[in-house]
Amino acid sequence: MANQLGIVHPELLERLQANFYPSTCAIQSATETADSFGQLQPSWSNLPGHGSIDCRVAPEQAFSRESRGGEQTYAIHKWRIALNGHYTSITEKMRAVVGATVYDIETVVHDGNGQTTRLICRVVT
């Protein structure tokens, strides 16, 4: 007899322990407005329905680097943010905020079953 539930049980996400997604994430989109000099400045606000998503943040394996240019040195760190749910409206033009850390979204990845979303992000310090 074939498995009627599919490859992933439909209640998987609801049955995970509360600490599986220990953080919350806000997805923000920018609205650009011109300042007094005519330069476009982004104004960030939470995407409706995306202000408090349960998530797990982990560093990308061996993908941090330091760059030097002129008198400035900065570090780029890559992070993976796993979201508890399938969010098709998130794009690479948005950012994720977890706690006090702002992550620039580089890639949005959806699993093949339409259940979860992963964000590949970077933080420049």
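Q: What does the side chain of T117 reach at 2.9 Å?
A: In this predicted model, the side chain of T117 reaches the backbone nitrogen of Y87.

Q: Why is T117 called buried?
A: The relative accessibility of T117 is 0%. Buried means under 20%, so T117 counts as buried.

Q: Which residues does T117 touch, beyond those up to four places away in sequence?
A: T117 has heavy atoms within 4.5 Å of I81, A82, L83, G85, H86, Y87, V108, V109 and H110. T117 itself lies in strand β7, where it is the bridge partner of H110.

Q: What makes β6 and β7 a pair of strands?
A: Six bridges join β6 to β7. Pairing requires at least two bridges, so the two strands pair; they run antiparallel. They form a hairpin with six residues between them, and G114 in that turn has a positive phi of about 65 degrees.

Q: How do we know that β5 and β6 pair, and in which sense?
A: Four bridges connect β5 and β6, against a requirement of at least two; the strands therefore pair, and the sense is antiparallel. V97 stands opposite V102 in β6. This hairpin has two residues between its strands, with G99 in the turn at a positive phi of about 65 degrees.

Q: What makes up the largest nonpolar core, and which elements give two or more residues to it?
A: The largest nonpolar core has 18 residues, and those with the most contacts inside it are I27, I81, L83, I90, A96, I105 and L119. Two or more residues come from each of β1 (23–34), β3 (53–69), β4 (72–83), β5 (95–98), β6 (101–110) and β7 (117–124).

Q: Which residues does I81 touch, not counting those up to four places away in sequence?
A: I81 touches C55, R56, V57, A96, V98, Y103, T117, R118, L119 and C121.

Q: What is the overall arrangement of the protein, and how much of it is buried?
A: One helix and seven strands are present, in the order α-β-β-β-β-β-β-β from the N terminus. Of the 125 residues, 27% count as buried.

Terms used. Residues are numbered from 1 along each chain as its sequence is written. This is a predicted model: local features need pLDDT of at least 70, side-chain atom pairs count only at pLDDT 80 or more; totals for chains, interfaces and linings use all residues. Side-chain values use heavy atoms; hydrogens and water are left out. A nonpolar core is a set of buried Ala, Val, Leu, Ile, Met, Phe, Trp, Tyr and Cys residues joined through side-chain atoms within 4.5 Å. Buried means under 20% relative accessible area, exposed over 50%, partly exposed in between (1.4 Å probe, protein chains only). A polar contact is a pair of N or O atoms within 3.5 Å; within protein, one must be able to donate a hydrogen and the other to accept it, and residues adjacent in sequence count only if both atoms are side-chain atoms.
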